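Biologist: Please pick one loop of this model and take me through it closely. Then place it in the chain as a whole.

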Amino acid sequence: MSQLSERPEKPVVGVSMPHESASLHVTGTALYTDDLVHRTKDVLHAHPVQVMKAHGRITALRTGPALQVPGVVRVLTIEDVPGVNDAGMKHDEPLFPEEVMFHGHAVAWVLGETLEAARLGAAAVEVELEELPSVLTLKDAIATSSFHGINPVMTAGDTEAGFADSTHVFTGEFEFSGQEHFYLETHAALALVDENEQVFIQSSTQHPSETQEIVAHVLGLSSNEVTVQCLRMGGGFGGKEMQPHGFAAIAALGAKLTGRPVRLRLNRTQDMTMSGKRHGFHARWKIGFDAEGRIQALDATLTADGGWSLDLSEPVVARALCHIDNTYWIPHARVEGRIARTNSVSNTAFRGFGGPQGMIVIEDILGRVAPLLGLDPMELRERNFYRQGQTTPYGQPVTHPERISAVWEQVRANGGLADRKRQIAAFNAAHPHTKRALAVTGVKFGISFNLTAFNQAGALVLIYKDGSVLINHGGTEMGQGLHTKMLQVAATTLGIPLHRVRLAPTRTDKVPNTSATAASSGADLNGAAVKNACEQLRTRLLQVAATQLGAGAADVRIVEGIARALGSDQELAWDDLIRTAYIQRVQLSAAGFYRTEGLHWDVKKFQGSPFKYFSYGAAATEVEVDGFTGAYRIRRVDIVHDVGDSLSPMIDIGQVEGGFVQGAGWLTLEDLRWDTGDGPHRGRLLTQAASTYKLPSFSEMPEEFHVTLLENATEEGAVFGSKAVGEPPLMLAFSVREALRQAAAAFGPAGVSVDLASPATPEAVYWAVQAARGGEVRRDGRTFDTGGEPVRTTALSHA
């Protein structure tokens, strides 16, 4: 076992413990970015000047009326930018646009003594606009060839030969919706300029270093003149990876120009109408199977709705292509990716980062064609699992493919699936207007950033003379428990009790050039960097202890804060060891670093090994559907998930549960709607509050929810043998959608294929039930209606 994955005697990692801020969360004393306003004097408040048109060129912007509003101090416009007027990394997101690109686009910002003064000032700003044609939907973008960014193509084998060898060939289309992040804390920033002219920004950001970089180039400063701190976030889910930068830049610009602290905090409606969401996708596909139901070839085109600017759309599409295979071997494949440019918010990262959008395509295909192949959906999926020695369509060997079957079989056993399927069949036979179904789906998710350079991390660990330890790392805490794991990693590596270690807020002047806390890699990267720093310190301290104990350094162990030499009864307490090291002038601080080894990616050829490893999981979901309304409930969920050797089991189980529920929300409830008519509100987001945008709540939780972490699953080459947990569990929720499909099909004749919209709202399920009742059944290579007459070929089309 490697040094990175090996665990010492009596480790603190692997112990179930609560979140390090749990008591603060439940008592309401945890501070977030906007709470810091109350600790800051003379704060100005920023409010956006939004233009409520989908597309248009600004012909006049008059700020004078705003300055007449009592309490308005300044209006920020493009003329105030001393550096680069851009808030994105692709230089296609002007901070102060001259062309309105989506309904609600902010074209100026008003600073006021109070938020109400700023709001009234923003309402007084006069904007004249020359309206321009707008493209709002994916279908319209495809029809008009409105695309931007890269157009990657992933190929494997020979698709023409694969289709020629296929016994069954199906074609179809599938369009599915995006998702609103709906983090509890909206976008927020608080900026001030200190007595040394240093710009200091408190930001709710997943990527402090990039926030620092954007603010610096907007202000025309060097990065060493800007410091960004993230105390904690009230949720991120990817929505705070790229999009906080512009808001932080507005606050910093205001502080620089006025000399006063500036607070920017969006209300919920502003946050929903101004910030990007999960990319909705359109997929067109063709798939071939042999006589046993094994996939032979796949040809697909995935089109993402990028919105008005690129943001992170290019890597999102790349990851979607890399995950269209999910747990299934596809020997011959050609998959193309495109990014549609529409007049809507710029869509961005969201938990899974394109992986869910790729994986849902193959899961939807298998769910639709299984009845037409005369196979149980579970059996069809099992027949296509990866085996040892097989590679992905982009050329990466699939490591530990046996875990795909291992988690699957454990879910089958834990959930008593065989008996329950018989019970469901009996229930359905006795209930003509209510049907139940049980579906199982798996997950194979690659862990690492698509951009190889992001797979690095730093840390700074300080030991003080009293023996207390302070750790700094580049990851941000958004409620996921990263800080808890880092405390456990540090305590384990140093061999001391957890209470001796404290963690400082994430700051760019402590750990520079950090990557975003994203791609499920927060614990992998930052944990390895913290471990590296602590190992440097431990090596120095072992030398000191060896001298005191009269032994060789290699024979000294530090366990639970006591240094002992092998074969000796002598002991040296941690506090005494640290004092001795200080007196001997031994350095008690260390900067740690980690880079993920073994990665290779050729973006032009779309080939290589972009992922350190794969995370696996499987979920079984049982649902019950009302045939009159399409209403449904989730009766039971059983999950087995692979997190390697867990760093913190309680945290990981919470992440699996939360990810699953968030995925179920995307697939069944969360229905983004825009005004696509030609009236005055064209382009307006209609679902801009919790009253119109349905989120999972207690009533949507499974009535029974069982989560098990895969045992004996050490991941060689990862910190203390652990694996990432953040994103992969979201895709376990495919089992909910597939169970709803099967329950709808149960209202029709045996062998009916059901096309189910996504999100599968009760309305969508109702129409699927209606379609199943008048359904078609395919036999012997042809499709028949229930009367036995042939009605169409084996082609499938999205309703």
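**The loop between β29 and α18**

Modeller: Asparagine 712 is found in the loop between β29 and α18. Helices (H or I, at least four residues) and strands (E, at least two) are DSSP runs, numbered from the N terminus. By that count β29 covers 704-709 and α18 covers 734-745. This is a predicted model: local features need pLDDT of at least 70, side-chain atom pairs count only at pLDDT 80 or more, and totals for chains, interfaces and linings use all residues. Residues are numbered from 1 along each chain as its sequence is written, and side-chain values use heavy atoms, with hydrogens and water left out.

Phi of asparagine 712 is near 50°, a positive value in a residue other than glycine. Most residues other than glycine have a negative phi. Asparagine 712 is exposed because its relative accessible area is 79%. The classes are buried (under 20% relative accessible area), exposed (over 50%) and partly exposed in between, with a 1.4 Å probe and protein chains only.

Now go further along the loop. Glutamate 727 also sits between β29 and α18. Its relative accessibility is 8%, so glutamate 727 counts as buried. What does glutamate 727 touch, not counting residues up to four places away in sequence? The list is Arg351, Gly352, Phe353, Phe445, Ala519 and Ser520. Contact here means heavy atoms within 4.5 Å. Distance in sequence and distance in space part ways: glutamate 727 and glycine 355 are 372 residues apart along the chain, yet their C-alpha atoms are 9.0 Å apart.

Methionine 731 lies in the loop between β29 and α18 too. At 0% relative accessibility, methionine 731 is therefore buried. With residues up to four places away left out, methionine 731 touches Pro356, Met359, Val443 and Phe445. Phe445 is also on the list for glutamate 727.

Phenylalanine 449 is found between β16 (434-447) and β17 (456-463). Its relative accessible area is 6%, so phenylalanine 449 is buried. Leucine 599 is 150 residues away in sequence from phenylalanine 449, and 9.9 Å away in space, C-alpha to C-alpha.

Leucine 686 counts as partly exposed because its relative accessibility is 38%. Tryptophan 674 is twelve residues away in sequence from leucine 686, with the C-alpha atoms 5.2 Å apart. Leucine 686 touches Arg673, Trp674, Asp675 and Thr692, again without residues up to four places away.

The peptide bond from serine 758 to proline 759 is cis, with omega near 10°. Most peptide bonds are trans.

Serine 145 gives another positive phi, about 55°, although it is not a glycine. Serine 145 is found between α4 (138-143) and β7 (153-156). At 54% relative accessibility, serine 145 counts as exposed.

Now the whole chain. The protein has 19 helices and 32 strands. Of its 799 residues, 61% count as buried. Residues 24 or more positions apart account for 80% of the contacts with a separation of 6 or more. The radius of gyration, taken over C-alpha atoms, is compared with a globule rule of 2.2 Å times the number of residues to the power 0.38. For 799 residues a compact globule would come near 28 Å, and the protein has 28 Å, which agrees. The C-alpha trace spans about 90 × 80 × 50 Å along its principal axes.

Last, the cysteines. A search of the whole structure finds zero disulfides, where a disulfide is a pair of cysteine sulfur atoms within 2.5 Å. Cysteine 322 is buried, with a relative accessible area of 1%. Cysteine 534 is buried as well, at 0%.
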